[in-house]
Amino acid sequence: MNVVRRGGLGLLAWVTGIVFFLPVAWMALTSFHSEQDAATNPPSFTAALTLDGYREFFGTGGGASPWPALVNSVVASVASTLFVLLLALPAAYALSIRPVKKWTDVLFFFLSTKMLPVVAGLLPIYLFAKNAGMLDNIWLLVILYTSMNLPIAVWMMQSFLAEVPVAIIEAARVDGARLPTILARVVAPIALPGIAATALICFIFSWNELLFARVLTGVVAETAPVFLTGFITSQGLFLAKVCAASLVISLPVLAAGFAAQDKLVQGLSLGAVK
Amino acid sequence: MTATTTAPVAAPPVPTPHGPNARLRAWATRAPLLPALVFMIVVTQLPFVATVVISFFDWNALYPDARRFTGFDNYHQVLTDADLRHSVWTTVLLTGTVVLVSLLLGLALALLLDRRFRGRGVVRTLLIAPFLVVPVAAALLWKHVLYNPEYGLLNGLLHYVGGPQPDWISDTPLLAVEASLVWQWTPFMMLILLAGLQSRDQQQIEAARVDGASDWQIFRHLTLPHLRRYLELGALLGSIYIVQNFDAVFTITSGGLGTANLPYTVYQSFYQAHENGLASAAGVLVVIGSIVIATFALRVVSSLFREEVSRA
C-alpha cells in the first residue's frame, strides 16, 4: 500500500512537471514548424520540421534584423554585471570580513532600495535622460541595471564572504601576507563559486528587463525584450517566428539559470534563503 | 532594525574613535563601502525625491509653460478618477490572486519534490523552466501560442475532447494575465518552500513518527509552523515583484479590457498622455503600497537572517 502511494506521488510529480514544461516544449516544437503547420486546429504535433521560423526571425526574409538588439542586450547585461561586481565586492568585504559598525543596518538599507518600485523613479530618470541627451543610449541602461542588481549582489556576496573563516585570514596576516595577497590567495578561491552565481543572476535580471528599456531606448539602443514587443500585435501567420524569437532570446537566461540552479533561490530571495 | 545581531565573524573589536589615527582607521574600514552606497543613493533615492516633488505640480509635458504647484490635487484626482481607481483595484486583485495561487501550487509541488523518487532532479529542472523564460517572451507565448482562439494550443487540446473554443483573452482578460503569471511564479514559490522543507529538523520528525504521529499530524504541527516564515517570505517577495509587473499586462492585453494595473497606468499617463504630475502621484501611491508590504518583508528577512547568523 505504502509502495503504491509513494509510486503514485512520484508519478504525480512527473505529471505536474511535464504540464508546467509543456508550454516551453510546445514553443520549441512550434519554432521548428512551418507557419502553416504552426497555425492548425487541432495542433499538428508531427508536422515536418524546418528552420524557416529562425530564418524569418534573423531577418533573412526581409524583416528587421534582431542582431543590433541582441548586441545591445549583451552589452547592457555584461557591462552592468561587471559594474555590479566591481561595486559589490568591496562593499561586501566591508560588511563581512572587516565589518563596519552597524553593518546590518547598511545591509538592510541596500535591501530596502530593491523594494522601491521601478515606476517610482521612472519619470525623473526619463526627464534627466532627455535633458542630458542620454535617451536611446545603452550606457544609461547599464547604470540603471547596475543599481537594480547591486542590492542583490551585495546580499549574496556578503553571505559568501562571511563563510571565509577568519582564522585563515589571521594566519596569513601573521605569516606576513599583505592585503592584496590575502584577497587573491585566501578569499578569492573560497568566494569564487558564489561570485560566479551572483554574476549569473545579475545577468538574468538585466537581460529580462523591459520597462526601463522600453521607456528610455528607441531605435539605436533597443534591447532584445524591446525587440520582442514588436510581436505584440498579430501579423498574420507568424507563430513559428514568434516561437523562434522567444526561444532564441530566452536561451541565455535558460542557460544561466540552469547553471546557477542552486543559487537561483538565494538570488531571488535577496539572500534570505540558502 | 538596530544592530542587535552578533558580529558575523570574530572581527577585531572596532576601537572607539579617539585621536586622528583611530578616526583614519575607521574611515579606512568604511572606504570600500562608500562607492556602492553613494551610487545607490544617487541612482535610486534622488529620482524618488524628484517624483514626490513633481507629484505636487500640475504639469503636462506638452504644455511645459502651464506648469504650476497644485498641492494634493493630483492625489485627489488619482483617487477620484474612475479609471485610476480601477487600476488600483486591478493591481490588488492581480497581485493577490497570483501570489496566493502560485504559493499554494508551489507548496504542493515542494511537498511532492521533497520526497525521494526516480528522476527527481529532472522534474525539478522541468519545473524551473517557466521561470527562466524571458518575461516578455513568456507573455507572447501565452498570448499568441496558447490563447489564440483559432489555433492556440489550449483550444487545440480542447478540440480533442470536444470542448468549447473560448476566446481566452477577450472573455477573461484578467484571468488570462493571471494564469500566465502563475505559471511563471509557481516555480519561484516552490524553490523557496523546498529550501524551507529541507531545512527542517529531521531528528524531530523521526522522533514524532516513532511516537506514532501520523503524516498529517507531522505536517500540521511540525512542518507547517516551520514553513510559516518561508510562506511569508514567498508571499511578500512575490507581492513586491508582482505589484510592479509591467511585462505581462503590457504584452497580453496592452492594459486594455480592464487589466491596466498601476505600473502600466503610470507608464501610460506619462509616456502617452504626458501627464507628468498625475503619473508621479500614481507612482508615489505605488511606493506607499510597497512600503507597507516591504516593512513586513524586511522583518521576515531579518528574522531569517538573524537565525542564519547565529547558526554560523
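**Figure 1. Overall dimensions of chain A.** Chain A has a radius of gyration of 23 Å, whereas a compact globule of 274 residues would have one near 19 Å; the radius is taken over C-alpha atoms, and the globule rule is 2.2 Å times the number of residues to the power 0.38. Along the principal axes, the C-alpha atoms of chain A fill a box of roughly 70 × 70 × 35 Å. The model is predicted: local features need pLDDT of at least 70 and side-chain atom pairs count only at pLDDT 80 or more, while totals for chains, interfaces and linings use all residues. Residues are numbered from 1 along each chain as its sequence is written, and chains are lettered from A and ligands numbered from 1 in the order in which they are written.

Figure 2. Chain A has 13 helices and zero strands (DSSP runs numbered from the N terminus: helices are H or I, at least four residues; strands are E, at least two). Mean pLDDT, the predictor's confidence in each residue from 0 to 100, is 86 for chain A, with 97% of its residues at 70 or more.

**Figure 3. The side of chain B that touches chain A.** Here 89 residues of chain B are in contact with 90 residues of chain A (C-beta atoms, placed from the backbone, within 7 Å). Helix H14 (residues 276–311) of chain B gives the most to this side, with 14 residues. The residues of this side of chain B comprise 66 nonpolar, 18 polar and five charged (nonpolar: Ala, Val, Leu, Ile, Met, Phe, Trp, Tyr, Cys and Pro; charged: Asp, Glu, Lys and Arg; polar: the others, Gly among them).

Definitions and conventions:
Two residues are in contact if their C-beta atoms, placed from the backbone, lie within 7 Å.
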